[in-house]
Amino acid sequence: MKDSEIDDIGVDLFVEALYRRHGYDFRNYAKASLKRRVRELARSFGFDHISDMIPRLLHDLDFMEQVVPKLSVPVTEMFRDPAVFFALRRQVLPILASYPRINIWQAGCATGEEVYSLAILLKEEGLYDRARIYATDINDQALSKAEDGVFSLHNLKDFSVNYLKAGGQRSLSDYYHAAYGHARMDQSLKENMVFARHNLASDGIFCEVNMIICRNVLIYFDRILQNKVLKLFLDSLVRQGFLCLGHRETLQFSDVSQEFITVDEDHRLYRKTLRSVGEP
Ligand SMILES: C[S@@+](CC[C@H](N)C(=O)[O-])C[C@H]1O[C@@H](n2cnc3c(N)ncnc32)[C@H](O)[C@@H]1O
């Protein structure tokens with residue numbers, strides 16, 4: 001048997017142990033990228049084989065707490081794919097503006113750059129006061145960074161370019177205070193944000209919302225888990241609620257494709273139909 005095939009067995013046993021001992025369910029993550037991350041995890045802790053980590057995982061709680069953040073990929077940026085934020089501004093927010101309350105679920109928010117981007121967008125469109133953004137992730141370390149809202153000033157240069165491409169009406173620096181190489185996001189942006197741990201693989205409906213933004217998360221899941229999560233999104237959206245996915249993710253060919261209309265496939269914007277199949 002090749003080493004790579006032995007690693008495959010190691011990954012399966014490792015994720016089974018993680019699930020049965022700690023309840024974190026990585027069993028339906030896309031195999032190739034999960035294997036890379038589990039291998040890297042073993043290397044970073046000095047283990048020769050993936051399977052060597054299993055006893056630690058079963059008996060050492062501290063070890064487990066380091067595992068989940070390392071398996072998650074909290075890579076993100078402000079106004080990532082600016083054209084998507086531009087499309088949200090032009091095609092979605094004017095419709096949401098007709099609602100008295102706007103609830104938005106940002107699933108897989110990582111360290112929060114996307115959440116602050118959305119808050120800025122809502123502020124500039126005059127909607128933030130009646131909006132609430134529920135930002136969730138499985139990675140507690142990332143969530144706590146998101147809640148702090150402090151980002152490296154070094155990255156803010158690129159983020160400013162993104163902001164302008166996303167139709168920004170001011171200067172991004174109007175929304176943060178710079179000090180000691182860091183940018184602290186304006187307190188007023190945080191007022192209507194709620195951060196919480198939520199696991200898309202195992203937890204149920206988070207709340208009923210007008211829009212869900214879940215970008216660059218489904219790519220880590222296999223087809224079965226993608227469909228399960230998309231059904232969760234369908235059930236969490238009000239009728240005619242919006243869904244925004246990442247540019248390598250699509251509703252096409254999914255189990256719920258009939259339940260949505262496509263608003264803009266290029267920017268992965270979808271809208272739940274007025275009446276879902278199966279409803280009276
Ligand atoms: C690449 S980041 C995407 C961040 C942001 N949405 C963006 O597009 O810039 C993927 C995030 O998904 C989170 N994630 C992975 N599996 C998850 C799960 N089962 N439930 C909730 N979040 C998950 C990871 O912790 C990570 O923060």
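**The ligand and its pocket**

Mentor: A polar side-chain atom of T76 sits 2.5 Å from an oxygen atom of the ligand. Keep in mind that this is a predicted model.

Trainee: Okay! How far is S72 from an oxygen atom of the ligand?
Mentor: 2.9 Å, counted from a polar side-chain atom of S72.

Trainee: Which residues come nearest to the ligand?
Mentor: There are 22 residues around the ligand, and Y29, T76, R80, D137 and N216 come nearest. By class, that shell has 11 nonpolar, seven polar and four charged residues.

Trainee: Switching to pockets: what takes the space of the largest pocket?
Mentor: The ligand does. The volume of that pocket is about 380 Å³.

Trainee: How many residues line the largest pocket?
Mentor: The lining has 27 residues, with V73, G108, D137, N216 and V217 nearest the pocket centre. In that lining, 15 residues are nonpolar, seven are polar and five are charged.

Trainee: Last one: which domains does the lining draw from?
Mentor: Domain 1 (3-71) and domain 2 (82-272) each give at least three residues to the lining of the largest pocket.

Definitions and conventions: Residues numbered from 1 in each chain as written. Predicted model: local features only at pLDDT ≥ 70, side-chain atom pairs only at ≥ 80, totals over all residues. Heavy atoms only, no water. Near = heavy atom within 4 Å. Polar contact = N/O pair within 3.5 Å; in protein donor to acceptor, adjacent residues only side chain to side chain. 1 Å grid on protein atoms, 1.4 Å probe; cavity = no way out; pocket = protein on both sides within 12 Å on 5 of 7 lines; lining within 4 Å. Sits in = over half its atoms within 2 Å of the grid points. Nonpolar A, V, L, I, M, F, W, Y, C, P; charged D, E, K, R; others polar. Points joined across faces, edges and corners; volume = space filled by probe spheres on them. Domains from an automatic or database assignment.
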